[in-house]
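Work through the exercises below with the sequence and the model at hand. Each task is followed by a solution in steps.

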Amino acid sequence: MPKLPAFDIKTNISQSPHLVILGAGASKAAFPKAEVSGKIAPVMSELIECLDLRPLLESHNIHCEDTDFESLYDDLVTSGKHPDLVNEIECRVKDYFSQLNLPDETTIYDYLVLSLREKDLIASFNWDPFLAQAWRRNSNVVKLPKIVFLHGNVEIAICLKHRRKDFIGKNCEKCGESLTPTPLLYPVKQKNYSAHSFIEAEWNELRHSLKYTYFLTIFGYATPKTDIEARKLLLNEWKKNPTFELAQIEIIDIKPRGELTENWKEFFCRDHYGISTSIWNSYLFSYPRRSCEAFAMATLQNSPWKDNPYPHTNDLKKLQEWAKLLWFEENNGKLSGNPHEYL
Ligand SMILES: [Zn+2]
């Protein structure tokens, strides 16, 4: 018998985490056109254009027909012939992503951070600052999930000596020194997730969560060719999860369903998965801050809760007020499962 997820039938509270893994497609969904300064949130295939790399490459006699940034970068690093060029590309990546910003209105990232609780985790492969900025501006409203950055992040800084992690521009609360930017992990086939202690710690957090997760959402993450290592790590830990046979996976992606099923089938247990093209149809946004409980009630208790979908609003304050009501109920130590207006 698989181990049951941690669910208290007296309080209707689940202590099992909901884990969300984010890739570049999530930022694309949040900003299908451009973010506030007019820059686009690029997926890998758009990076060569975004960073205006062609003239730079041509000045080194490199003529790339392809638009695949990952293959280009991997080839450059593997050849070892152009260290200055590699350095320049890395600087452009950092500069570009550092300039991105959330608009004042609500974004998918605000909805996302508010839809999870302290026990939950969002693990992002993205360099862009959107998740961290959304976390920061909602963190004084309700308790939010933990966030980790598997390839580093332009908005996060660290003091390695005192193992502190905070937002860029802040000082270490222990030594008072200004925190240093996190390393960014670039797309090479032979990634070493243990080479830097910050990246290693972020991965350890993800590994731990995968072992206990009861609901896994994969949002806009495509496991690209250079991420074979990441995929192996994710799958190994997921298979060790004692509730694997009962847990659920949700894939949010605009790719064809058949392609997604094929790509993720090793992660699925029988029919315990759902695929959707929009985060708005996800379990997460249908039962904000209650996804694991709603899933347990539907599958273990055979007493499904009614949907409690998010309101669509551009007003961040309104969304925060809505989320606060859920948080008040959490503080009472018992969840009703009632839709929002009856809380
Ligand atoms: Zn320090």
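**Exercise 1.** Is threonine 313 buried or exposed, and what is its relative accessible area?

*Solution.* The model is predicted: local features need pLDDT of at least 70, side-chain atom pairs count only at pLDDT 80 or more, and totals for chains, interfaces and linings use all residues. Residues are numbered from 1 along each chain as its sequence is written, and side-chain values use heavy atoms, with hydrogens and water left out.

Step 1. Apply the cut-offs: buried means under 20% relative accessible area, exposed over 50%, partly exposed in between (1.4 Å probe, protein chains only). Threonine 313 has a relative accessible area of 18%, so it is buried.

Step 2. Threonine 313 sits in the loop between H12 and H13; helices (H or I, at least four residues) and strands (E, at least two) are DSSP runs, numbered from the N terminus.

Step 3. List the surroundings. Apart from neighbours within four places in sequence, threonine 313 is in contact (heavy atoms within 4.5 Å) with Thr106, Tyr111, Lys318 and Leu319. Its side chain also reaches the backbone nitrogen of aspartate 315 at 3.0 Å.

**Exercise 2.** Find which residues asparagine 138 contacts beyond its neighbours within four places in sequence.

*Solution.* Step 1. Asparagine 138 is found in helix H7 (residues 130-138). With 0% relative accessibility, asparagine 138 counts as buried.

Step 1. The contacts of asparagine 138, with those neighbours set aside, are Asp110, Val113, Leu114, Leu144, Leu316 and Gln320.

Step 2. With aspartate 110, the side chain of asparagine 138 makes a polar contact of 2.9 Å. A polar contact is a pair of N or O atoms within 3.5 Å; within protein, one must be able to donate a hydrogen and the other to accept it, and residues adjacent in sequence count only if both atoms are side-chain atoms.

**Exercise 3.** Describe how helices H8 and H9 pack.

*Solution.* Step 1. Helix H8 (residues 197-212) and helix H9 (residues 228-240) meet at an angle of about 35°, and their axes are 7 Å apart. Axes are lines fitted to C-alpha atoms, for helices over the stretch in contact, and angles run from 0 to 180 degrees between N-to-C directions.

Step 1. H8 contributes Trp203, Leu206, Arg207, Leu210 and Lys211 to the contact, and H9 contributes Ala230, Leu233, Leu234, Glu237, Trp238 and Lys240.

Step 2. Sorted by class, the contact of H8 with H9 holds seven nonpolar, no polar and four charged residues. Ala, Val, Leu, Ile, Met, Phe, Trp, Tyr, Cys and Pro count as nonpolar, Asp, Glu, Lys and Arg as charged, and the others, Gly among them, as polar.

**Exercise 4.** How many salt bridges are there? Examine three of them.

*Solution.* Step 1. A salt bridge is a side-chain nitrogen of Lys or Arg within 4 Å of a carboxyl oxygen of Asp or Glu. By this rule there are 19 salt bridges.

Step 1. Glutamate 49 pairs with arginine 54, with the closest N and O atoms 3.0 Å apart. Glutamate 49 is exposed at 52% relative accessibility, whereas arginine 54 is partly exposed at 24%.

Step 2. Glutamate 88 and arginine 92 form a salt bridge with closest N and O atoms 3.0 Å apart. Both lie in helix H5 (residues 83-98), four residues apart, about one turn of the helix. An α-helix has 3.6 residues a turn, so residues three or four places apart point the same way.

Step 3. Arginine 290 and glutamate 329 meet in a salt bridge of 2.9 Å, N to O. This pair links distant parts of the chain, 39 residues apart: arginine 290 is in the loop between helix H11 (283-286) and helix H12 (291-299), and glutamate 329 is in helix H13 (residues 316-331). Both arginine 290 and glutamate 329 are buried. Salt bridges with shared partners join Arg289, Arg290, Glu329 and Glu330 into one network.

**Exercise 5.** Why is H12 described as largely enclosed by the rest of the structure?

*Solution.* Step 1. Seven of the nine residues of H12 are buried, so this helix is largely enclosed. The buried residues are Ser291, Cys292, Glu293, Ala294, Phe295, Ala296 and Met297.

Step 1. The cover over them includes strand S1 (7-8), strand S2 (13-14), strand S3 (18-22), strand S9 (215-219), strand S10 (248-252) and H11.
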